[in-house]
Amino acid sequence: MSDLSGLRRGQSYYEATARSRISGLLDSNSFQELLGPADRLTSPHLEPLGQPCSFNDGIIIGSGKLHGLSVLIASQEGGFMGGAVGEVHGAKLTGLLERAVNEKPAAVLLLLESGGVRLHEANAGLIAISEVIRALLSTRAAGIPVVGLIGGANGCFGGMGIVARCCDTLIINEEGRLGLSGPDVIETTMGVEEFDSNDRALVWRTVGGKHRYLLGEVQHLVEDDIEAFRATAINIIDEVQSPCLEPLERSSELQKLTLESLQQEHLDLSRRLENYGHCQDGTEIWSEMCIDDPEKLPLMDIPRFFKAVENNI
Amino acid sequence: MEHLEFEFKGSGNRQVDRQATLVGVVSSGNLEVMLENVDLHGLCRINVSTSAQGFTEIWQAVLNDFAARYDLADLQISINDGGATPAVVCLRLDQAMEEYLEALT
Amino acid sequence: MKIDTLLNELFPGEHSVINTDNILTGFGMTSKGEIAVMGTTDHLAIGVDTALILADFVLEVIKDRPGQPILMLVDTQGQRLSLKDELLGINGYLAHLVKCLELARQQGHQLITLVYSEAVSGGFLAFGMMADEIHTLPQGKVRVMNLPAMSRITKLPLEQLQELSSTSAIFAPGIENFIKLGGVQTVWRQPLAEQLVKVIGVETSADQRRQNGLLRQGRKLACSVAKRVNAG
């Protein structure tokens, strides 16, 4: 393992805490936290259930600079209750998205790592996620791009999986997972025949970063390196900021919701269901995409993976 | 949940002008430690919220050792603990101090 | 309440709502004019195909009937739990439905939800919860998860959850709890056609749920926390 880490140039996104992801992504020392730990905005709903609280309630929010441009940023801490969303956690995120409408940053970066609703405060968490969705789409309607980053150990699931797909664009690493119902939830409810959550390879073929990239569910697949996430985010935002580009010349990933853009998405999703709806496994879908040796994709490093699929996406 | 409070008299005068310092994550077997400058008339106060009940004496021993090592005054230390072992608690406290004192050097 | 009965009570004049494999689409006539109707029945689990059919209807309404209010009739046990749905990226399909509804709102379509049976978690989140007006029948059942399952997953004793749910609205199933938290506005009683007409055309702008949660003392922090972030 130490050999591997020696090869890596930067810092693993997967292993980093929510706070160190922020400091690695933004220009150094530019982060200004909003409602930080000293404000002690903890969840009041955990103590009665004998659960320890956290001074950040599992999410760090604030402002900073990315390549000199002002951004707002939120980072979910997967280590605390799996990054699950409760009343305070959700309200911090909603507040940040609403602040963006007033402050007009170059972008909002959402570092998503969450199992979805926090069951200890389930009703408040579900409503909070719905509020996040509405706030996020209002932020986009105000012309501010929202970029989602996924790549932590807890993945991005439940209602936050829907939130992720409401962003303009997503960046994921190979280790990142994105879905709705976690494999363990499906196994517990529907049985191990439906989904064996201990089959790690199956889990990654179903909800992992490479598959999500091939499907078009995420737009950017990067190495597990905070620097790679940073470079990709900078590219996305620079493009938005560029005064030379007319709105129509911008990459299609950053556009307001319009009837045309949603009709196009509708067509894409309909085709996906039509083409791959019968498939039982990621490898079957990749095979339908005419990728050679689809069973080898999970083993490839990122450069080899891109080479193997470059003609198919 | 159990809430414990400890106070130590310190002579230390190593006040660092900075915002709250926070290290660690609250999870099973882990904890977060926050340090804040507060005028406590020369005391260092440590508040612990822990999900593991009945370990007051162990906390006392670990924190005695910590306080003796650093000799702190006018410092509020707040801990949210998910049942960490004494070794992990020591490690996080040291990390917190390292980060806190970074601004001094 | 059976869906046919419900539709007849909501639209005593006439309606053209059809039920295709437990997905409802069509139009109903009220004293304030025609409105679009979409929804689910028989506790349908929302899968990728369901989301597409509902989204298709929303896009058609936006295109062909500018500004027409949309009524969502909710009866869902939640999202469909299956490997196939996850493989296709069901969260993206539900997000698509959500975005279509948001576009409808932005283009002046009032969104009204009536929970007439079950409204559970991801299925509810994907359409009913997007509305400006969220109401329920007295027999509506809103929840994230029942207490035994919650107990299993959180490893908290069921007795403790049951005991706490008598004093806290925060996690236990039930429309009273969701009303207290601001997630549901009111309970509709007979005659339903009158209740519907009363909310059609009501001006709504921003998401009011946090304010209602605070007023009803069910969610005391959400409103102030979001405000502090915005102002801070």
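**Close-up views: salt bridges and an open sheet**

**View 1. C:E118 is buried, with a relative accessibility of 14%.** The model shown here and in the other views is predicted. The side chain of C:E118 forms a salt bridge with C:R143, and the closest N and O atoms are 3.2 Å apart.

**View 2. A salt bridge links C:R105 and C:E102.** Their side chains meet at 3.1 Å, N to O. Helix α4 (residues 90–106) of chain C holds both C:R105 and C:E102, which are three residues apart, or about one turn of the helix. C:R105 is buried at a relative accessible area of 14%. C:E102 is also buried, at 3%; the cut-off for buried is under 20%.

**View 3. A:K210 and A:E174 form a salt bridge in chain A.** The N to O distance between the two side chains is 2.9 Å. A:K210 is in helix α8 (residues 209–215) of chain A, whereas A:E174 is in the loop between β6 and α6 (183–190) of chain A, so the pair connects parts that are 36 residues apart in sequence. A:K210 is buried, with 7% relative accessible area. A:E174 is partly exposed, with 21%. Over all chains, the count of salt bridges comes to 29.

**View 4. An open sheet of seven strands lies in chain A.** The strand order is β1-β2-β3-β4-β5-β6-β7, with mixed pairing. β1 (32–34) and β7 (220–222) of chain A are the edge strands, each having a single partner strand, so one side of each has no neighbour in the sheet. On average, and with direction ignored, neighbouring strands of the sheet are turned by 25 degrees against each other.

**View 5. Strands β4 and β5 of chain A pair in the parallel sense.** The pairing of β4 (residues 107–112) with β5 (residues 146–150) runs over five bridges. A:V108 has A:V146 as its bridge partner in β5(A).

**View 6. Helix α9 (residues 226–241) of chain A packs on the sheet.** The strands of chain A touched by this helix are β2 (59–66), β3 (69–76), β4, β5, β6 (169–173) and β7. The direction of helix α9 makes about 165 degrees with that of β6(A).

Methods
Residues numbered from 1 in each chain as written. Chains lettered and ligands numbered in written order. Predicted model: local features only at pLDDT ≥ 70, side-chain atom pairs only at ≥ 80, totals over all residues. Heavy atoms only, no water. Pairing = 2+ DSSP bridges. Helix = DSSP H or I, 4+ residues; strand = E, 2+ residues; numbered from the N terminus. Axes fitted to C-alpha atoms, helices over the stretch in contact; angles between N-to-C directions. Contact = heavy atoms within 4.5 Å. Salt bridge = Lys/Arg side-chain N within 4 Å of Asp/Glu carboxyl O. Buried < 20%, exposed > 50% of the residue type's maximum accessible area, 1.4 Å probe, protein only.
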